[in-house]
Amino acid sequence: MRYALLINERPGAYEGLSEDQRAAISAEYIALMKDERMLGGERLQPADTATTVRVQNGEPLLTDGPFADTKEIFGGFYIVEASDLDSALELAARIPAARFGGSVEVRPLVEL
Amino acid sequence: MLEEVFRDQWGRVFAALVSFLGDVGLAEEAAQEAFVIAAERWARDGLPDNPGAWLVVTGRNRAIDRLRRDRTRAEKTRLLDRPLPEEITMDETTIPDERLELFFMCCHPALATEAQVALTLRALGGLSTPEIARAFLVNDETMKRRLSRARNKIRAAAIPFAIPDEHLLPSRLSAVLAVLYLVFNQGYGDSRADLAAEAIRLGRTLLDLMPDEPEAAALLALMLLHDSRRAARVCDGEMILLQDQDRRLWNTAQLEEGRALLDRAVRSGASGTYTVQAAIAELQTEERIDWPAVAALYDRLRQLTGSAVVELNRAVAIAEVEGPRAALAIVDALHLDDYRYFHSTRAELLRRLGDTAAARAAYLGALDLATTEAERRFLSRRLAEL
């Protein structure tokens with residue numbers, strides 16, 4: 001079973017942390033990438049670099065910034081191969097964002 | 001007679017079919033088909049030697065037939081991971097009891113609580129969808145959707161049909177216990193006795209499957225101790241308080257069983273919320289209630305749960321130990337305005353303190369929130385007696 005782990009971060013969650021603390025968090029993300037269940041993942045640039053596109057009457061309509069202002073901002077994702085939901089949930093719970101005021105949404109992928 | 005066999009066998013048969021087919025929806029259809037065939041055949045030919053095995057084998061073979069005809073569906077299940085088996089025949093010893101796996105799957109915390117409850121009643125209790133809908137006061141269509149959404153999530157997200165790993169087990173077990181207690185409480189306080197009986201039946205099954213789990217024993221004890229007083233709790237359509245109940249109406253067999261189970265739980269070191277609640281229920285069945293002990297147990301329970309409702313109950317015990325004034329001080333510090341027993345407890349304490357006007361207002365507040373006719377009658381009489 002493949003799952004997407006969608007990482008939502010609380011803006012400013014890592015502000016005020018020391019260099020060492022930031023390095024420790026980065027190390028956790030690197031360790032996660034080394035897990036054998038990990039198929040891949042990407043980290044997104046900050047939300048203020050986003051452009052949102054809608055198409056109305058065939059015309060693209062652009063908005064500066066993310067789709068909506070929310071308390072959590074989508075910050076990246078992993079794709080994992082896990083035997084069942086419990087295994088995917090175990091990985092999700094290890095993602096640092098989840099304990100820094102953010103959340104991780106676990107969604108199974110459509111298998112064709 | 002057949003109905004009894006069906007109820008007894010449903011959970012085991014369903015679990016075996018989920019295990020074999022790897023899909024709850026398919027298992028449900030297969031189990032239903034097997035039971036329909038059984039109803040016809042057994043009425044004519046009598047019971048087979050081993051009804052459970054007969055049902056599992058029949059359900060399996062039906063499902064295989066159906067999958068052969070419908071390959072696209074087969075591809076969505078685990079069945080295509082291995083070659084489709086030929087017609088199966090087997091004896092009982094080869095059919096393992098996998099109801100515990102089924103409990104943990106149905107009560108997986110990735111499912112909403114209401115879905116956990118509905119699935120558990122369907123899969124392990126064998127209740128029909130309309131029966132579950134009636135019990136939870138929603139229409140059939142809503143319950144059907146709730147169940148089908150839950151089955152779909154189990155399939156799509158691969159919620160495991162397995163006993164959780166050691167480190168997950170305590171939290172997963174407490175989810176199962178919470179579902180059973182929820183079912184029990186849904187049937188408590190009104191006439192839906194069948195739900196309480198169902199919860200007790202499921203509690204027995206769970207304890208059979210996990211005999212060394214003290215909290216499972218404690219939960220069953222708690223349910224039995226509460227249920228033993230069912231017949232005495234309402235008289236002529238009016239709610240009767242514990243101290244005024246006719247003890248001859250208590251179910252002594254349930255009471256004794258509940259006490260023995262509590263004893264067993266405590267002796268094996270249980271100290272969780274169900275144990276404490278069962279211990280309180282047990283103390284309250286004594287001829288002379290040891291109120292200081294009840295208050296101390298509520299204090300313990302408050303530490304375990306942090307619940308304001310528990311604190312309200314502790315106040316009731318404190319009223320017996322230190323008097324109504326001390327109890328009222330505890331109650332008035334709580335923020336439970338939407339809770340009917342908050343108002344009725346305050347009313348009772350105010351009445352005892354002789355503050356009739358405040359007591360009247362509080363009884364009216366409770367009456368506003370009362371949910372059953374028996375409660376309303378009780379409160380109305382109290383009001384009239386002021």
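**View 1. The exposed side of helix α8(B) carries B:E141, B:T142, B:R145 and B:N152.** Exposed means that 12 or fewer other C-beta atoms, placed from the backbone, lie within 10 Å of a residue's own; buried means 20 or more, and partly exposed is in between. This is a predicted model: local features need pLDDT of at least 70, side-chain atom pairs count only at pLDDT 80 or more, and totals for chains, interfaces and linings use all residues. Residues are numbered from 1 along each chain as its sequence is written, while chains are lettered from A and ligands numbered from 1 in the order in which they are written.

**View 2. Buried residues of α8(B) include B:M143, B:R146, B:L147 and B:A150.** B:R151, B:I154 and B:A157 are buried too. They cover an arc of only 160 degrees around the axis, so they sit on the same side of α8(B). The arc is that of the directions from the helix axis to the C-beta atoms. These buried residues pack against α2 (85–93) and β6 (103–108) of chain A. Within chain B, they pack against α2 (24–45), α5 (99–106), α6 (113–123) and α7 (129–135). Contact means C-beta atoms, placed from the backbone, within 7 Å.

**View 3. Just after α8(B), B:A158 takes a positive phi of about 55 degrees.** Helix α8 of chain B spans residues 140–157. Helices (H or I, at least four residues) and strands (E, at least two) are DSSP runs, numbered from the N terminus.

**View 4. Chain A has two helices and six strands.** Along the sequence, the pattern is β-α-β-β-β-β-α-β. Of its 112 residues, 14% count as buried.

How values were computed: The expected span of a helix is 1.5 Å times one less than its number of residues. Two residues are in contact if their C-beta atoms, placed from the backbone, lie within 7 Å.
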